[in-house]
Amino acid sequence: MDKIAQIVLPMLEGSEITLEIFLITFLLVLPLGLLIALGHIAKFRPLRLLVAAYIWIMRGTPLMLQLLFVYFALPMIGLKLPDIMAALLAFTLNYAAYFSEIFRAGIQSIDRGQYEAARMLGLTYGQTMRRIVIPQMVRRVLPPMSNETINLVKDTSLIYILAMNDLLRVARSIVQREFDMTPFVVAGVFYLAMTFVLTWGFGRLEAHFSKYDA
Amino acid sequence: MSEEVMVRMHQIHKNFNGVEVLKGIDLEVKRGEVLAIIGPSGSGKSTLLRCLNHLESIDRGSIEVAGKSFAGESDLGTVAYETGAQGREILSHMGMVFQQFNLFPHMTVLENLIEAPVLVKKEPRKQAVGRARELLDRVGLSDKCDAYPARLSGGQQQRVAIARALAMEPEIMLFDEPTSALDPELTGEVLKTMRQLADDHMTMIVVTHEMNFAREVASEVMFMADGNVVEQGVPQELFLHPQQQRTQDFLCNML
């Protein structure tokens, strides 16, 4: 019993930082991803090109490299962020690019007739987006969003290289100290529990939005 | 019937990728008139309607709506529509009913009707709901207030779409093949609703394949083919004594 507590308690503490990074990143990525998606389909060409370049860089380089860059390279030009901020910055910038592409696909899947109907009723572009397009987009992007969100939970484990005591790093240090593999299994169960909750939550959302189907 | 001109389109030209689909169309609709535009597919009749409400842009010509210039040629010969607030003001004179209904699927029938009045006209919600219920009653769907569009038949959806357009209190109603996407047995209920509108002296422009509707309800019928107006006149004349061979051929095939 004692032994289990010795393993599980520090790992629960490690889960805290994992969850913190996940939750804050997730909440930041939703509005930021949407803004980037809207920029990507804007009429103003320079903005489109800028956004395309941003997405290319963020998707085209490893998240690990981006983490290292924010954590080690930025301080060299005088931008030293607290550990957690550095991690949040890298995760948010990276995942916003992926989420924006999901949102863009969702927005562009909305039938042109919806825009035309809205326009004939006098809605502005902003009102059409806010009231007509984005609400319909949300339900269509739930399945791919669920995917990316689960990826984010697991990707938080990358912060072990920044010497932050997240779930996986705690597990590894116990394994090394005790020469006991149990913490790895426990870590796996922890991640599974988190992704189970997410899968369930997204399932509920999909069910909620299906109410306007035939 | 008043002589006030509600819509005037003058020498409308329109190209799609170098193909001229409208070759200099003139059109005039007075208050209370019902203009039916008929003609074979690809004759340009839907495009003409979509140019009138700026879902497409004309290449040459001019458009006036309710006495105000909506589109016109500049000195350089390019056509500019009124845009922004001014453009929206002119558009607000016109309500549009689409072939594919285009209801907002994530909103109930009632929400579809009150969305624009509340959002655009800043009408108090309660008042908008009251009027929406009246309109739904008028199109015979008062029991469907809380249904989502996907639960309705095509004919019901189109009647909701008509009510939604009417909720913005337009002076002119445009119909782009309103029954073409419907099963034959559902067209009657939509045409009946449109007939009621005409009886209430709504100004209407109806692009349609429903010859009976055009003959019985329209005050004027325009026959288009290949981007031209072939013939135009009151329904009795046009249907009983078509002057052009092209019109006779078309009507023979339709009736």
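**Figure 1. His13(B) and its bridge partner.** Across from His13(B), the bridge partner in strand 4 of chain B is Arg60(B). Helices (H or I, at least four residues) and strands (E, at least two) are DSSP runs, numbered from the N terminus. Strand 1 (residues 5–16) and strand 4 (residues 60–65) of chain B pair in the antiparallel sense, over five bridges. Two strands pair if DSSP finds at least two bridges between them. The model is predicted: local features need pLDDT of at least 70, side-chain atom pairs count only at pLDDT 80 or more, and totals for chains, interfaces and linings use all residues. Residues are numbered from 1 along each chain as its sequence is written, with chains lettered from A and ligands numbered from 1 in the order in which they are written.

**Figure 2. The open sheet of chain B.** Five strands of chain B form an open sheet, in the order 2-1-4-5-6, with antiparallel pairing. Strand 2 (19–30) and strand 6 (79–81) of chain B are the edge strands, each pairing on one side only. From one strand to the next, the twist averages 15°. Helix 1 (residues 45–52) of chain B lies across strands 1, 2 and 4 of chain B and runs at about 115° to strand 1. Axes are lines fitted to C-alpha atoms, for helices over the stretch in contact, and angles run from 0 to 180 degrees between N-to-C directions.

**Figure 3. Helix 3 against helix 4 in chain A.** Helix 3 (residues 63–76) and helix 4 (residues 83–108) of chain A pack at an angle of about 140°, their axes 9 Å apart. That makes helix 3 of chain A oblique to helix 4 of chain A; angles under 35 degrees count as roughly parallel, over 145 as roughly antiparallel, 65 to 115 as roughly perpendicular and the rest as oblique. Helix 3 of chain A contributes Leu63(A), Gln66(A), Leu67(A), Val70(A) and Tyr71(A) to the contact, and helix 4 of chain A contributes Ala86(A), Ala87(A), Leu89(A), Ala90(A) and Asn94(A). Residues are in contact if their C-beta atoms, placed from the backbone, lie within 7 Å. By class, this contact has eight nonpolar, two polar and no charged residues. Ala, Val, Leu, Ile, Met, Phe, Trp, Tyr, Cys and Pro count as nonpolar, Asp, Glu, Lys and Arg as charged, and the others, Gly among them, as polar.

**Figure 4. Where chain A touches chain B.** The contact takes 16 residues from chain A and 20 residues from chain B. On the side of chain A, helix 5 (112–120) and helix 6 (125–155) are the elements that give two or more residues. The residues of that side divide into eight nonpolar, five polar and three charged.

Technical notes: Contact = placed C-beta atoms within 7 Å.
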